[in-house]
Structures are given as C-alpha cells and as structure tokens.
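Good morning. I have one structure to go through today, so please look at the sequence and the coordinates while I talk.

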Amino acid sequence: MQKKFAFLVLASIASQGAYCQSSVTLFGVVDSSVSYTTGSLSHKVMLNPTGGGLFASRIGFRGEEDLGSGARATFWLEASLQPDSGIGAASNTNNQSSGAATTALNGGQGLVFNRRATVSLAGPWGEVRLGRANTPAYLNIGVADPYFHTGLGASQTLQGTSVLGPAYVRASNLVYYISPRVGGLFGEAAYFLGENASNATNRSDGSGSSFRFGYETPDVTLSAGYQRARFVTGDTVNRSVLGILKLPVVKLSAGYQWDTVRGPAPDARGWTVGAVVPLNAWEFRAVLSQYQLTGPGNPRSRKLVLGSNYALSKRTTLYATAAQINNGGTASQALAGSTTRPGDSSSGVELGINHRF
Amino acid sequence: MQKKFAFLVLASIASQGAYCQSSVTLFGVVDSSVSYTTGSLSHKVMLNPTGGGLFASRIGFRGEEDLGSGARATFWLEASLQPDSGIGAASNTNNQSSGAATTALNGGQGLVFNRRATVSLAGPWGEVRLGRANTPAYLNIGVADPYFHTGLGASQTLQGTSVLGPAYVRASNLVYYISPRVGGLFGEAAYFLGENASNATNRSDGSGSSFRFGYETPDVTLSAGYQRARFVTGDTVNRSVLGILKLPVVKLSAGYQWDTVRGPAPDARGWTVGAVVPLNAWEFRAVLSQYQLTGPGNPRSRKLVLGSNYALSKRTTLYATAAQINNGGTASQALAGSTTRPGDSSSGVELGINHRF
Amino acid sequence: MQKKFAFLVLASIASQGAYCQSSVTLFGVVDSSVSYTTGSLSHKVMLNPTGGGLFASRIGFRGEEDLGSGARATFWLEASLQPDSGIGAASNTNNQSSGAATTALNGGQGLVFNRRATVSLAGPWGEVRLGRANTPAYLNIGVADPYFHTGLGASQTLQGTSVLGPAYVRASNLVYYISPRVGGLFGEAAYFLGENASNATNRSDGSGSSFRFGYETPDVTLSAGYQRARFVTGDTVNRSVLGILKLPVVKLSAGYQWDTVRGPAPDARGWTVGAVVPLNAWEFRAVLSQYQLTGPGNPRSRKLVLGSNYALSKRTTLYATAAQINNGGTASQALAGSTTRPGDSSSGVELGINHRF
C-alpha cells in the first residue's frame with residue numbers, strides 16, 4: 001500500500017517526441033473478507049464488515065515534484081472504498097456533526113477523498129500540509145495497534161464508543177506541520193478550523209489543535225500525543241503515550257490514552273498491548289486492548305485478538321483473525337455484525353485476502 | 001473497453017533508479033448519443049437516455065499480480081458514468097431496497113464502483129472472487145442480446161418491468177467461483193449475502209445463489225442459468241437457456257428465460273433472438289425480444305431493433321439504432337424518454353459515438 | 001493544469017511483450033489557501049473558501065485517439081475537488097433546479113465529473129462535442145477575468161448574484177460545435193437540452209443555445225458571446241463582449257455583459273477590467289469588476305483585487321490575493337466566509353499554494 005510507483009510519462013509523445021518525467025502514483029488496497037460474528041442477541045455472516053480486515057480498502061492518487069534545494073511539493077488524494085458494494089465513505093466538511101453527510105446515502109455514497117486530501121510544501125525545515133488528514137494525536141494511538149484500527153482485530157480503544165467527537169480520527173481544514181528529524185527526535189503539530197461565522201453562537205465548534213512528539217529509531221519508538229477539540233457540547237481532550245520495541249523475533253507495542261470531556265459526558269481511559277511475530281512468509285499477531293468510561297454503570301470493554309497472515313507475494317496477503325470482546329458494567333460492545341446484551345461477550349472470526357496496488 | 005494496457009512503472013525513479021514492473025490498467029468507455037423517442041403520450045429528444053448506446057459508459061481501474069505456479073491475484077473496480085452530466089450511479093449495499101440510495105441524488109450522485117468491485121485469487125483450480133459483480137444467471141441472459149442490455153437496442157427481457165428484484169443484474173456481498181475450462185465446458189457459481197441480523201424478521205432478505213454452466217467453443221455457446229434470491233416479499237427464481245452460433249457471415253444468438261416469484265406477484269417469460277453481420281468496418285444488427293407477465297391484463301411487450309455500427313478505429317465507433325416496442329394487454333412499455341398508453345407502441349432512433357480507452 | 005502527459009503504455013507487457021502506445025492523461029490541480037475575510041456582520045478564517053485560489057482544484061482523465069486524415073476522437077472527464085475536506089461537487093442533470101443535488105450532501109458529496117464530461121470527434125471541419133461543459137457564452141466572460149472566477153480574486157460579474165439561472169456556467173446534455181480557425185477567426189455554438197417530456201408544462205425548461213465568435217492572435221482577442229436559456233420562471237439572455245491585449249510588459253483584459261430576464265426578475269449589467277504583469281517567476285495582477293441589477297434598491301457591487309503569484313516551479317505556485325467589495329444600494333455582497341450589511345463593504349486576504357499534476 002505504501003509502495004511507491006512512478007509512471008514514466010512522456011510529454012506530447014505523439015506530436016514532438018519531447019521527453020519529460022513526472023511522478024504520479026495511482027495506489028490502493030482491495031481487502032475482502034468473510035466474517036462470522038456472534039453475541040448474545042444476534043449473529044451474522046458478512047462480507048467485509050468494516051471495509052478491510054488487514055488494511056482499510058482504498059484508492060488514491062499522489063505525486064511529488066522536486067523544487068530543487070531539497071524542497072519539494074506533494075499532493076495526496078485518498079478515498080475509502082467498500083469492496084463488497086463498491087461505494088465510498090463520507091468526509092466531514094467542518095469537523096462538526098453538521099458537516100457530516102446529511103443522511104446515510106447507502107448504495108449512493110460516492111467516492112470521497114475522505115482519508116486524505118492534502119497539498120504539501122517540504123524542505124530541510126520540515127513540511128507544511130494543508131487539507132484533510134489523520135490528526136497527530138490519533139496517529140500516536142493508531143500505531144500502538146498492529147491492526148491500526150482495521151477489521152475484526154482493531155483495538156478496542158477506537159472501536160469502542162469514543163467520547164472524543166468527529167475530529168478525533170481525521171480533521172478537515174487542517175494546517176499541519178512536521179518537523180525535520182534530529183537524532184531520532186520528531187514532532188508534529190496541527191491546527192484545524194471549524195469555519196463558523198464570527199457572529200454564530202458556536203463560533204469555535206469543530207476547531208482544535210493536535211500534537212505528537214517523540215523519539216524513534218529503527219528498533220524503538222517512544223512518543224506522546226495531545227489533542228484538544230472545541231465543541232459547544234463540551235471540549236474534548238485526548239492524551240496518549242506510546243512505546244514500540246522491535247526485538248529479534250517479536251515486535252511489541254503498547255499505548256495508553258486519557259480522554260476527557262468538559263461537561264456532563266463521561267471521561268474514558270484506554271490501552272492497547274500488541275505483539276507481532278514475523279516468520280518467513282507468515283506473521284502472527286496478538287492484541288489485548290480495553291476502553292473504559294468513568295461514570296454511571298462503569299462500562300468497560302476488553303478485547304482479545306489472535307491473528308495470522310500469510311504473504312502470497314509482496315502485494316497479496318491472506319489472513320485469519322479471531323477476536324473476542326468481554327463487556328463489564330453496562331457495556332454492550334460487539335464485533336461488527338453482531339449485537340450482545342450489556343455485560344455479555346461477543347466473538348468472531350474473519351478470513352480474508354488483502355491486495356495492494 | 002476490454003483492451004488491456006499495462007503501465008510501465010518505475011519504482012522510485014527519481015531517487016534510486018531501481019526498476020520494477022507492475023500492471024495497473026485505467027480503462028473506460030464514453031458513449032454519447034442523441035435520441036428521439038415517441039409514444040402515444042409523449043416524445044422527447046435526449047442526450048444519452050441510458051448512459052450509452054453501444055456499451056455502457058464507465059471508468060475503471062484493474063490490475064493483476066502473478067503469484068507464480070499459475071496463480072494470480074487481481075482487482076477490478078468499475079464505475080458507471082453518465083456522460084451527459086458527469087454523474088455516477090448508485091450501488092446497493094445489501095441486495096434489498098433498503099440498501100439502495102436513500103433518495104435520487106440527481107446531480108449529486110458521485111462515482112461509485114457499482115458495476116464491479118472485486119478482488120480475486122485464481123489458479124489452475126479456477127478463480128474465487130469476492131465483492132460486487134454481475135451474477136452468473138444474469139450473464140447467461142445478457143450475452144443473448146447483441147446490445148447486452150445497453151441503449152435503445154437493449155433486449156426487452158431486461159428493459160421491461162422485471163419481476164426479479166434488486167439482486168438480479170448485480171449483487172453485492174458476493175462469493176463467486178469460476179471453474180477452469182475443461183474441453184469447452186465451463187461453470188460459475190455465486191452466493192450473495194443480504195447481511196441481515198440473525199434476530200431480524202427479514203434475516204434471509206437479499207441473499208441468494210446464482211449459477212451458470214455450459215459449453216463454449218469459438219463458434220458455439222450453449223449454456224443454462226439459474227438464480228434464486230430470497231425476499232420477504234416472495235423469493236424469486238430465474239432460469240434461462242442460451243445458444244450462440246457463429247457462422248461465416250452472421251452471428252446468431254437466442255435466449256429464453258422463466259422468471260417465477262413466490263407470492264402474489266406475477267411470473268414472467270422472456271426471449272431474445274439476435275443476429276449480427278460484420279462487414280469490414282461495418283456491423284449490422286437485428287434483435288427481436290419479448291417479455292410477458294402471466295396474470296391480470298396479460299401485459300406483453302415485444303421489441304424489434306435494427307442497428308448499424310461503423311468502426312472509425314479500434315477504439316471509436318459510430319452507431320445508429322432504431323427500435324420499436326409493441327405492447328399487448330395492459331403493457332405500456334416505452335423507449336427511454338417517451339411514454340405510451342397501455343396497448344400502444346413506442347418507437348425511436350439513436351445516433352451516437354462510442355469511445356473506449 | 002493544461003499540461004499534456006502521455007503515459008507510455010505497453011500492451012500485455014508480461015505475457016507477450018507486444019508494444020502499443022496510447023495516450024491517457026491523469027491530470028489535476030490541488031490548490032489550498034488560508035483566507036481571512038471580514039464584513040460589517042461577521043468575519044472568518046478559512047481553509048479553501050472556494051476550492052482553490054488560483055485555479056479551481058480538480059482531478060480528471062482525458063485522452064485522444066488519432067483516427068487518421070487529420071481526424072481524432074477525444075474524451076475528457078473532469079471533477080471538482082474540495083481540497084480542505086476531500087469531497088467533490090454536484091452536477092446538474094437537466095439544467096433546471098430539479099436536476100441539482102436533492103439536498104446539500106455535505107461531507108457525503110462524492111466525486112462527480114461536474115466540470116466536464118465530453119466525447120468529441122474532431123477534424124479539419126472542426127469539432128463536435130457531446131456531454132457537459134462550460135457554455136461558449138460563459139467562456140467569453142470568464143477569460144476577461146485573470147482569476148477566471150476562481151478564489152478571492154474572482155470577478156464580481158460571476159461571484160455576485162447572477163440572474164442567469166442554472167445553465168449559465170456549465171450545461172449538461174450539450175451538443176457543442178467548434179469551428180476550425182480561419183486567419184484568427186473562431187466560432188463556437190452549443191445547444192443544450194432540458195430533456196422534459198413533450199406533454200409536461202415545462203417542456204422547454206433548461207434548454208437553450210449559446211454562442212461565441214471572434215478574432216484571436218497571440219497578442220489580441222476580440223470576441224462576442226450570446227446565450228439564451230429557457231425557463232418557466234422567465235427566459236434568460238446573456239450578451240457579452242471581450243477584449244484582450246498582450247503588450248510587452250502587461251496583459252490587459254476587459255469584458256462587458258448584459259443579462260436580461262423575461263418576467264419580474266431584474267436585469268443586470270457587469271464589467272471586468274484586468275491587468276497582469278509577469279516578471280520572471282513573479283506575476284502581479286489587478287482586477288476591477290462590477291455587477292449591477294436594475295430594479296428596486298439598485299443593488300450594485302464593485303470589487304477591487306490585487307494579487308501576486310510566485311512560481312516555485314512549472315507546476316507549483318505560491319500566491320497572495322487581497323480583495324475588497326464595495327456595495328451600493330441594497331447590495332450586501334461579501335467575500336466568501338464573511339457577511340456584511342446592505343451598502344457596507346467586505347474585504348479579505350488569501351495566501352495559498354497551487355500545485356498542478
């Protein structure tokens with residue numbers, strides 16, 4: 001998915017035969033699976049319950065232009081794709097509920113560059129990005145999860161009922177700065193706009209700031225994230241810490257997050273612990289995660305995931321994933337496709353194929 | 001449209017000059033026509049009444065990866081396109097009316113890979129496809145029609161009021177198996193899921209199975225199709241037989257279908273007979289087809305089509321099509337753009353250009 | 001944006017190594033800016049108030065096939081893109097309000113080839129285009145504006161409250177003829193269809209004709225435009241004249257337009273005067289424009305724009321634009337993002353990056 005292709009392009013090949021090279025990349029993932037999930041209320045067999053079991057399905061266009069002196073301009077347009085029906089997924093124009101799709105468009109939902117739409121200017125001084133993208137604080141949580149929040153194996157910290165509101169995973173109207181790396185140290189800061197009128201009662205709604213900073217070597221990552229988003233229903237704050245350790249036979253990851261909301265909504269805490277063991281064409285994964293709300297009923301959901309992947313080639317992988325969610329208190333979280341009663345568990349399996357281009 | 005291009009792609013051309021080859025194909029059809037159709041109630045001049053007169057307009061991306069030992073992984077993403085306004089067309093997420101677009105989105109309908117969205121694994125043992133595609137049973141009807149149900153010339157068996165419901169032409173949540181060919185024998189089987197909850201009253205709605213098997217040589221095709229789809233309003237069953245014969249100067253095709261519905265809805269029978277005569281850059285076509293419902297009023301519509309195409313090149317064709325529908329009983333079928341009274345006829349002509357890339 | 005790339009494509013590269021060349025072009029613009037606009041009622045900071053500050057953001061596919069004897073077939077599919085949220089923009093299927101998107105789809109608006117969707121046949125005798133595109137009469141107004149109606153700098157003749165209705169800028173269901181150029185003389189004529197039923201009360205709604213003709217050399221353009229569109233609410237007529245003069249240090253442009261509406265709606269007049277001074281990698285722009293309605297309150301809005309662009313490369317440009325709208329009478333036009341009281345002014349600045357691929 002992250003592989004880079006560069007088309008050899010010939011300017012006006014037919015007319016004058018002149019030569020020039022550019023770099024436009026058409027890329028994507030088609031990830032399809034069959035899943036069976038069950039809870040105490042209902043069970044279901046589905047194709048692609050979540051748009052992908054290993055990496056999220058997508059299609060995108062990106063490119064880079066060398067501006068000289070170490071500077072470059074890049075663009076990146078990436079759309080979600082539901083490979084069981086061919087539809088896309090909605091974006092959010094103002095990081096508020098009013099910027100979401102007016103209604104569930106079902107089979108009518110067209111392709112939207114909802115995953116990422118950015119133009120960047122980069123140089124030795126870092127990179128400035130404008131548009132829509134994952135927030136820095138979210139990335140600090142996502143990379144703790146071997147499944148990066150995709151498929152049946154996704155960490156419960158995000159699959160659960162997050163208290164953080166619409167701008168948590170991705171934000172639109174984003175100005176994003178990425179510092180150059182200095183001896184393993186890195187930093188990212190973003191500010192996003194809700195774009196409300198100055199004389200509106202909700203003038204700050206949907207705006208916020210997001211940060212990630214840390215230390216990274218090929219074997220160790222230690223980082224922290226912070227995001228504050230403003231909403232009339234109560235500002236939300238997300239704090240997280242992350243650690244990744246790459247040992248000779250296993251890659252370990254762990255993340256912890258504190259989510260707080262001003263106002264009557266409950267706060268929450270979550271954690272994810274993951275292990276990945278590569279073995280030739282095989283890869284084995286285990287993830288344990290939990291998301292717990294502080295408040296009436298003390299809902300708490302814990303998820304155990306065991307998975308294995310087999311690489312048929314560099315671009316095609318078969319995978320099998322098994323997961324179980326155990327609910328505590330009034331929580332009734334269930335795997336996609338099933339429903340369960342408060343306090344009951346939900347379990348399921350998923351078999352799929354992931355193809356990158 | 002079916003032509004295969006492979007982009008010569010160079011990995012990281014700028015940075016290290018390393019070389020790798022891939023095969024991503026950008027393909028499509030833009031087919032525009034001007035039509036005049038008339039019935040006893042109204043007539044109309046239109047651009048592109050049906051999104052294409054010769055092949056349906058579309059844009060798509062597909063690719064294939066060689067996995068060695070005769071195995072390969074492929075993906076195919078193909079979207080409908082209305083070339084008169086630039087909009088797409090909706091898919092259906094669950095093969096039921098609840099999975100269609102919530103409302104007609106008019107000019108807002110975005111591009112959706114509604115025609116096909118699949119990932120496949122293929123080898124000497126056949127091919128398994130997951131996603132959304134034409135059903136095998138539908139293909140057994142479509143290939144009997146020289147116009148493959150596109151444009152003014154489309155067979156009445158599909159243009160009429162089909163009794164078969166949403167999963168007839170294409171189905172989402174599909175697991176599709178294509179057998180290897182053995183001495184001209186072929187077989188295809190698919191199962192599609194409605195993805196309803198196990199405790200819902202309509203738990204089987206939108207699920208079904210579809211088959212096609214037969215014998216094919218370069219000159220002769222004989223095949224049969226069968227599909228059963230489950231709906232709370234009454235399960236539908238489609239059976240069809242098909243014959244194609246390629247003689248030195250003419251290609252003849254004939255299909256017959258039996259459509260039955262459990263419950264109060266009427267059953268139906270349909271047939272298509274087609275002849276295609278290629279003559280250098282020219283092609284002449286004649287199609288006669290009928291769709292008849294058994295029940296009150298005995299509605300029956302018969303359609304005669306005469307058409308000719310002229311190939312300007314391998315990728316561009318001009319075409320002219322004339323059609324007439326004769327209605328019997330209470331039927332009031334009319335060519336796209338016109339309306340007619342029960343028992344009256346409808347006729348029209350279409351002049352267009354079809355361009356493939 | 002207008003640069004032509006031709007992919008070197010190899011047919012079936014893996015299987016037989018055969019060679020063929022085609023020309024499919026993937027092109028686009030990602031243009032992002034940060035703007036601050038203010039009026040007497042409200043002000044706002046925004047990312048991408050109008051989908052682009054220099055050229056409108058877009059993504060498209062186009063291609064051309066040589067048919068021999070000077071003839072060629074071409075297709076062009078081009079979609080609007082909002083680079084701050086990744087959504088697209090709606091088309092209009094019938095050039096009437098009923099053909100617009102049923103509702104504002106917000107973050108759910110998918111990609112639509114709303115800017116252009118055409119297939120053409122061209123030769124020494126000119127070019128015939130079918131589909132959706134800018135109308136000839138609109139082009140005669142747009143080219144008078146150095147900003148071509150994009151961003152904060154766009155001429156007030158279009159950014160104001162146009163009286164001309166849905167088919168003014170672009171029309172669907174279009175048959176478009178472009179004459180060959182003879183000694184600098186050129187002509188374009190289009191007819192577009194509303195596609196209403198012959199027995200409907202609004203049978204002519206959304207149909208119309210549009211023309212542009214003139215004289216063009218590398219240094220001088222003189223042309224006139226005319227469009228008449230039919231609506232039950234009152235037919236609209238647009239007339240315009242245009243002059244462009246390219247002097248050694250400055251390119252001057254001027255346009256004047258008369259908009260009339262049959263019925264109770266007011267008529268309007270507008271004009272644009274622009275100057276562009278290129279200086280190495282820099283470009284300086286000044287535009288003055290006005291749109292005035294004849295009727296109660298005599299609303300009149302005049303806009304002054306000063307801008308400068310700096311080309312980082314052939315494909316990437318930084319820009320800064322400042323604009324002010326002065327309202328007369330009951331007019332309350334304001335720059336995107338702000339609102340102002342009738343008779344008050346609105347002003348703002350925009351800093352952005354424009355990247356073409």
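I will take one chain first, then two interfaces, then two single residues.

Before anything else, this is a predicted model.

Start with chain A. Its secondary structure consists of 19 strands and two helices. The C-alpha trace extends over about 70 × 55 × 45 Å along the principal axes. How does the radius of gyration of chain A sit against that of a compact globule? For 357 residues the globule rule gives a value near 21 Å, and chain A has 21 Å, so the two agree. As for burial, 58% of the 357 residues of chain A count as buried. If you take the contacts in chain A with a separation of 6 or more, 55% of them join residues 24 or more positions apart.

Now the interfaces, beginning with chain A and chain B. Chain A brings 45 residues to this contact, and chain B brings 52 residues. The area buried between chain A and chain B is about 3,800 Å², with 68% of it on carbon and sulfur atoms. How many salt bridges does the rule find across the interface of chain A and chain B? The rule finds zero. Polar contacts do occur between chain A and chain B: 17 residue pairs, both partners at pLDDT 80 or more. On the chain A side, the elements giving two or more residues are strand 1 (6-7), strand 3 (24-39), strand 4 (43-47), strand 5 (58-68), strand 18 (316-328) and strand 19 (345-356). By class, that side of chain A has 23 nonpolar, 16 polar and six charged residues.

Next, chain C and chain A. Here 45 residues come from chain C and 51 residues from chain A. Chain C and chain A bury about 3,800 Å² between them, and carbon and sulfur atoms give 68% of that. Across this interface, too, the rule finds zero salt bridges, and there are 17 residue pairs in polar contact, both at pLDDT 80 or more. The side of chain C that touches chain A draws at least two residues from each of strand 1 (5-7), strand 3 (24-39), strand 4 (43-47), strand 5 (58-68), strand 18 (316-328) and strand 19 (345-356) of chain C. The residues on that side of chain C divide into 23 nonpolar, 16 polar and six charged.

Two residues remain. Is Thr37(A) buried or exposed? Its relative accessible area is 0%, so Thr37(A) is buried. The side chain of Thr37(A) lies 3.0 Å from the backbone oxygen of Ala336(A). A polar atom of that side chain is also 3.5 Å from the backbone nitrogen of Ser338(A). Setting aside neighbours within four places in sequence, the contacts of Thr37(A) include His43(A), Lys44(A), Leu152(A), Leu335(A), Gly337(A) and Ser347(A).

With a relative accessible area of 32%, Phe148(C) is partly exposed. Which residues does Phe148(C) contact, leaving aside its neighbours within four places in sequence? They are Tyr138(C), Leu139(C), Gly142(C) and Val143(C). Val24(C) is 124 residues from Phe148(C) along the chain, and their C-alpha atoms are separated by 26 Å.

That is the end of the talk.

Terms used: Residues are numbered from 1 along each chain as its sequence is written. Chains are lettered from A and ligands numbered from 1 in the order in which they are written. Side-chain values use heavy atoms; hydrogens and water are left out. Contact means heavy atoms within 4.5 Å. Buried area is the accessible area (1.4 Å probe) that two parts lose on being put together, summed over both. A salt bridge is a side-chain nitrogen of Lys or Arg within 4 Å of a carboxyl oxygen of Asp or Glu. A polar contact is a pair of N or O atoms within 3.5 Å; within protein, one must be able to donate a hydrogen and the other to accept it, and residues adjacent in sequence count only if both atoms are side-chain atoms. Helices (H or I, at least four residues) and strands (E, at least two) are DSSP runs, numbered from the N terminus. Ala, Val, Leu, Ile, Met, Phe, Trp, Tyr, Cys and Pro count as nonpolar, Asp, Glu, Lys and Arg as charged, and the others, Gly among them, as polar. The radius of gyration is taken over C-alpha atoms; the globule rule is 2.2 Å times the number of residues to the power 0.38. Buried means under 20% relative accessible area, exposed over 50%, partly exposed in between (1.4 Å probe, protein chains only).
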